[in-house]
Amino acid sequence: MQSVEKKILASVAKRGRGTIIFPQDFASYGTPDAVHKAFGRLVASEQLIRVAQGVYCYPKIDKVLGLGILYPTIEEVAAAIARRDKAKIVPTGAYALNKLGLSTQLPMNVVYLTDGSPRKVKLEGNRGIQFKHTAKKNLAFQNEIAMLLTFALREIGENNITDTQFAHIRNLVKSIPFETIKKDFALIPAWIRKIILNSYEQISDTYRGSKKNRI
């Protein structure tokens, strides 16, 4: 008969390296104490890593560059917690700016809006994730870029957007059909809608000028 430890390891090995797991996923494998001790032994033997309290990973291992055990990204951890809790999450603040390329700064503490329970998750290495409960309308976006732009520009503020950031926004939206983003306009503050509309207008003017020069 397999030990709880071996049963857990066999299960995660089938899911593949990089899989993020939680002790409650294995409640049927033994008593809570037995499962807890099995996780402790697997971490001690470096077959699993502890990412945060109650959050573990069957880690990827880099053998090419010799980096060894690779920790999951903050985004991967947040997504796994959201799946576990059956909750929706939306990156906001400085992290939304970074994801869009509007800032090179990657915050140590990433903030997500969620329809789940508010909480703070302390990760290894002094990083952290904060989940803030929000109204469902803030999670109702159909287009990811429209969603990220909304929360990123709120972080910057209406009067603090630089010319470089305006140009980057134009590059972000030029490959997205206007009708796709327009579907989310009811969720976007008026001043951010104006920025998006101006971006499309400038893209259109540039296209018309380029076409005229070719004739």
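Biologist: Why is Phe141 called buried in this predicted model?

Modeller: Its relative accessibility is 12%. Buried means under 20% relative accessible area, exposed means over 50%, and partly exposed lies in between (1.4 Å probe, protein chains only). Phe141, at 12%, therefore counts as buried. Phe141 sits in the loop between β9 and α5. Its C-alpha atom is 5.9 Å from that of Asp184, although 43 residues separate the two along the chain.

Biologist: What should I know about the numbering and the model itself?

Modeller: Residues are numbered from 1 along each chain as its sequence is written. The model is predicted, so local features need pLDDT of at least 70 and side-chain atom pairs count only at pLDDT 80 or more, while totals for chains, interfaces and linings use all residues; side-chain values use heavy atoms, with hydrogens and water left out.

Biologist: Why is Glu46 called exposed?

Modeller: Glu46 has 55% relative accessibility, so Glu46 counts as exposed. Glu46 lies in the loop between α2 (32-44) and β2. It also has a positive phi of about 60°, although it is not a glycine.

Biologist: And what makes Lys86 exposed?

Modeller: The relative accessible area of Lys86 is 76%, so Lys86 is exposed. Lys86 belongs to the loop between α3 and β6. Lys86 is not a glycine, yet its phi is positive, at about 55°.

Biologist: How do you know that β1 and β3 are paired?

Modeller: Strands (E, at least two residues) and helices (H or I, at least four) are DSSP runs, numbered from the N terminus. Two strands pair if DSSP finds at least two bridges between them. Three bridges join β1 to β3 (residues 55-58), and the two run antiparallel. In one of them, Thr19 has Tyr58 in β3 as its bridge partner.

Biologist: Why are β1 and β2 called edge strands?

Modeller: The open sheet has three strands in the order β1-β3-β2, with antiparallel pairing. β1 (19-21) and β2 (49-52) each have a single partner strand, so one side of each is left without a neighbour in the sheet. The twist averages 35° from one strand to the next. Such angles run from 0 to 180 degrees between N-to-C directions, with axes as lines fitted to C-alpha atoms (for helices, over the stretch in contact).

Biologist: What makes the pairing of β8 with β9 count?

Modeller: Four bridges join β8 to β9 (residues 128-133), and the strands run antiparallel. Val121 has Ile129 in β9 as its bridge partner. The hairpin of β8 and β9 has five residues between the strands, and Gly125 there takes a positive phi near 80°. Both strands belong to an open sheet of four, in the order β6-β7-β9-β8, with mixed pairing. Its edge strands are β6 (89-91) and β8 (119-122), each pairing on one side only.

Biologist: What makes a space a pocket or a cavity?

Modeller: On a 1 Å grid over the protein atoms alone, a cavity is a set of points where a 1.4 Å probe fits but cannot get out; a pocket is an open set with protein on both sides within 12 Å along at least five of seven lines; lining residues have an atom within 4 Å of a point. Grid points are joined across faces, edges and corners, and a volume is the space filled by probe spheres set on the points. The largest pocket holds about 160 Å³. Its lining includes Arg15, Phe22 and Glu76. α3 gives the most to that lining, with five residues.

Biologist: Which cavity did the search find?

Modeller: One cavity of 30 Å³ or more was found in the whole structure. The largest cavity has a volume of about 50 Å³. Among its lining residues are Ile81, Asp85 and Phe131. α3 gives the most to this lining, with three residues.

Biologist: What makes a group of residues a nonpolar core?

Modeller: It is a set of buried Ala, Val, Leu, Ile, Met, Phe, Trp, Tyr and Cys residues joined through side-chain atoms within 4.5 Å. The largest here has 28 residues, and those with the most contacts inside it include Leu100, Leu149 and Ile196. The largest share, eight residues, comes from α5.
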